[in-house]
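Here are a few exercises to work through with the model open beside you. Try each task before reading its solution.

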Amino acid sequence: MSRGTHRAAVQVEQMFLETRSLLGELFNVSPDHINRIVFASSATEALNTAVRGLLKPGDHVITTGLEHNALWRPLKMLERAGMIELTVLPCPDGLAVDPEDAANALRENTALVAAAHASNVTGALQPIAALGQICREAQVPFLVDAAQTAGIYPIDVEAWNIGLLAFTGHKGLLGPQGTGGLYIAPELVLEPLKYGGTGSASLPDEMPDWLPDRFEAGTQNGPGIAGLKAAAEFILATGVENIRRHEMSLTARLQQGLAQIPGVTLYGPRDMAGKVPIVSCNVGAVDSEEVAYVLDEVYDIQVRAGLHCAPQAHRSLGTLDQGTVRFSIGHFNTVEQIDAALQAVEEIARG
């Protein structure tokens, strides 16, 4: 999306193209389709683009009980407006959905199956490959929210039949805030969420038909996308599997240590193969926000507490009133930091 033909503008356009290519390599998008990776300000914008661009009055949508508000609220808005029917698949105890429930929920007017790849509360990985196969057989578009997995877990849009993949740049992709995007499969036609200038085909009143221009109205976040490019290069050079191996080793150490502290309650999967590097817990009946405050002020350990913008997940856990304390482990964390966190929680639990 170049706004000019001078050398600097062309260099920016080339950088955008290279970034799409790197993301395409991470997500196994065909090189012929990398222009179908459109940039957005966040996974939230990408999910709104997908949901509001695809769905029509009378459509039926299947989603899960673990969704972040970035997907949940747009769907509920459309349901309240009487535009769509919504089926929410149960996720007892914050664990993954049963693919058979998705298959049984399909209707003649089912127009979308939408699911987070992993819960941002429990870390539970959803059975995306199985859900994708169900969608393939039913010829229903499949939307995946990869905010918690992009960059730290292998993603294959072709093998998993993902028609729409939303991602953010500032989490596992290690990029700047204010970056993200949406992959749109060739067979899908969406209406844009935003209308405006694209630097191309300026005369018509309508948005261009071609991608990425159709979905990239307005000035793009060039500095942010440049940062995302550098981050994607780092991830590909390091290896997603190597990143996951390190992060899950630390996650196992933290989870096992927390399980041995009297008064600490853990939530979500215990098996490292079934989750991403997130550990949610509570310390007795102490409000999660209070525990997070003490960890920050006394121990200089930063965690997230409360409902994590995902109240449906907390309903499944029974933690809607207390919330949870969530530890998110990253590539640059160390064993020493994990042990320091365990010592801090143990001291808090002792009172």
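A note on classes: Ala, Val, Leu, Ile, Met, Phe, Trp, Tyr, Cys and Pro count as nonpolar, Asp, Glu, Lys and Arg as charged, and the others, Gly among them, as polar. The model is predicted, with local features needing pLDDT of at least 70 and side-chain atom pairs pLDDT 80 or more, while totals for chains, interfaces and linings use all residues. Residues are numbered from 1 along each chain as its sequence is written, and side-chain values use heavy atoms, leaving out hydrogens and water.

**Exercise 1.** Sort the lining of the largest cavity by class.

*Solution.* Start with the list: V38, F39, A40, E45, A46, T49, L182, P192, L193, K194, R214 and F215 line the largest cavity. Next, see which elements give two or more residues: β1 (37-40) and α2 do. Now sort them, and you get 8 nonpolar, 1 polar and 3 charged residues.

**Exercise 2.** Find the buried residues of helix α3 (buried: under 20% relative accessible area, 1.4 Å probe, protein chains only).

*Solution.* Then step just past α3, where G82 has a positive phi of about 75°.

**Exercise 3.** Work out the strand order in the open sheet of 4 strands.

*Solution.* Strands pair if DSSP finds at least two bridges between them. Follow the antiparallel pairing and you read β8-β9-β11-β10. That puts β8 (264-267) and β10 (304-306) at the edges, each pairing on one side only. Finally, check the β9 to β11 link: 4 bridges join these strands, and C281 has V325 in β11 as its bridge partner.

Definitions and conventions: Buried means under 20% relative accessible area, exposed over 50%, partly exposed in between (1.4 Å probe, protein chains only). On a 1 Å grid over the protein atoms alone, a cavity is a set of points where a 1.4 Å probe fits but cannot get out, and a pocket is an open set with protein on both sides within 12 Å along at least five of seven lines; lining residues have an atom within 4 Å of a point.
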